[in-house]
Amino acid sequence: MKIFFVCTGNTCRSPMAEAILAAKQVSGIEVRSAGIFAGAAPLSRNAQAVLDEQEISFTHTAKPVRPEDVEWATLILTMTAGHRDILMQSYPEAASRIYTLKEFVDGSRADVSDPYGGSLSTYQQTFKELDGLIDKLVGKINEE
């Protein structure tokens with residue numbers, strides 16, 4: 001199972017999701033992340049601080065979504081419906097593998113909150129939200 005997390009700039013949500021899933025060391029799962037509008041920026045300072053607090057070692061530089069990543073992925077999970085829709089338009093051949101994270105794990109139409117530019121506590125809330133969603137994701141994958 002190859003899971004590809006996608007957000008806007010690949011500096012907050014998708015790399016935190018990648019780091020959380022990688023830290024869970026689930027057998028048979030590979031993980032990557034990228035951003036719809038990403039440049040070569042570092043992981044946001046507060047995202048790194050939250051991962052450090054959780055003792056999750058992670059080194060990251062933002063990268064844009066590339067066709068080879070879409071081709072590589074078994075499952076593409078976006079942070080918002082907007083991200084999902086952009087990917088479906090850009091990669092219609094992959095539409096059956098593209099979902100929002102919340103849609104895939106529990107059928108919710110809600111987006112994962114964006115901590116960009118927020119306080120450390122905002123990033124901690126996003127981490128907690130992602131950690132819970134990724135626990136559900138692992139449970140769902142293990143059922144299949």
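Let me start with a question: which residue in E3 is the bridge partner of Phe4? It is Ile76. One caution before we go on: this is a predicted model.

That bridge belongs to a wider set. Strand E1, residues 2-7, and strand E3, residues 75-78, are joined by 4 bridges. The two strands run parallel.

Now the helices on the sheet. Helix H4, residues 81-90, packs there and touches E1, E3 and E4. Its direction makes about 170° with that of E4. Helix H6, residues 120-143, also packs on the sheet, touching E1 and E3. The direction of H6 makes about 150° with that of E1.

Step back to the sheet itself. Its 4 strands follow the order E2-E1-E3-E4. The sheet is open, and the pairing is parallel. At the edges sit E2, residues 30-35, and E4, residues 98-100, each pairing on one side only. On average, neighbouring strands are turned by 25° against each other, direction ignored.

Next, helix H1, residues 13-23. How many of its 11 residues are buried? The count is 9, so the helix is mostly covered. Among the buried ones are Arg13, Glu18 and Leu21. What covers them? The cover for the buried residues of H1 includes E1, E2, H4, H6 and helix H2, residues 45-53. Just after H1 comes Gln25, with a positive phi of about 45°.

On to the cores. The largest nonpolar core has 33 residues. Those touching the most other members are Ile3, Phe5, Leu21, Leu101 and Leu137. At least two residues each come from E1, H1, H2, E3, H6 and helix H5, residues 101-106. H6 gives the largest share, 8 residues.

Look at Leu137 for a moment.

Two charges sit over rings. The charged end of Arg32 lies over the ring of Trp72, 3.9 Å from its centre. Lys140 lies over the face of Phe104, at 4.3 Å from the ring centre.

Asp69 is found in helix H3, residues 67-72. Is Asp69 buried or exposed? It counts as buried, because its relative accessibility is 2%, under the 20% cut-off. Not counting residues up to four places away in sequence, Asp69 touches Phe4, Arg32 and Pro64.

Last, two backbone points. Most residues other than glycine have a negative phi. Asn10 has a positive one, near 60°. Asn10 is found in the loop between E1 and H1. With a relative accessible area of 0%, Asn10 is buried.

Glu55 also has a positive phi, about 60°, although it is not a glycine. Its place is in the loop between H2 and H3. Why does Glu55 count as exposed? Because its relative accessibility is 75%, over the 50% cut-off.

To close, go back to where we began: Phe4 in the bridge with Ile76.

Conventions. Residues are numbered from 1 along each chain as its sequence is written. This is a predicted model: local features need pLDDT of at least 70, side-chain atom pairs count only at pLDDT 80 or more; totals for chains, interfaces and linings use all residues. Side-chain values use heavy atoms; hydrogens and water are left out. Two strands pair if DSSP finds at least two bridges between them. Axes are lines fitted to C-alpha atoms, for helices over the stretch in contact, and angles run from 0 to 180 degrees between N-to-C directions. Contact means heavy atoms within 4.5 Å. A charge sits over a ring if NZ of Lys or CZ of Arg is within 6 Å of the ring centre and within 35 degrees of the ring normal. Buried means under 20% relative accessible area, exposed over 50%, partly exposed in between (1.4 Å probe, protein chains only). A nonpolar core is a set of buried Ala, Val, Leu, Ile, Met, Phe, Trp, Tyr and Cys residues joined through side-chain atoms within 4.5 Å.
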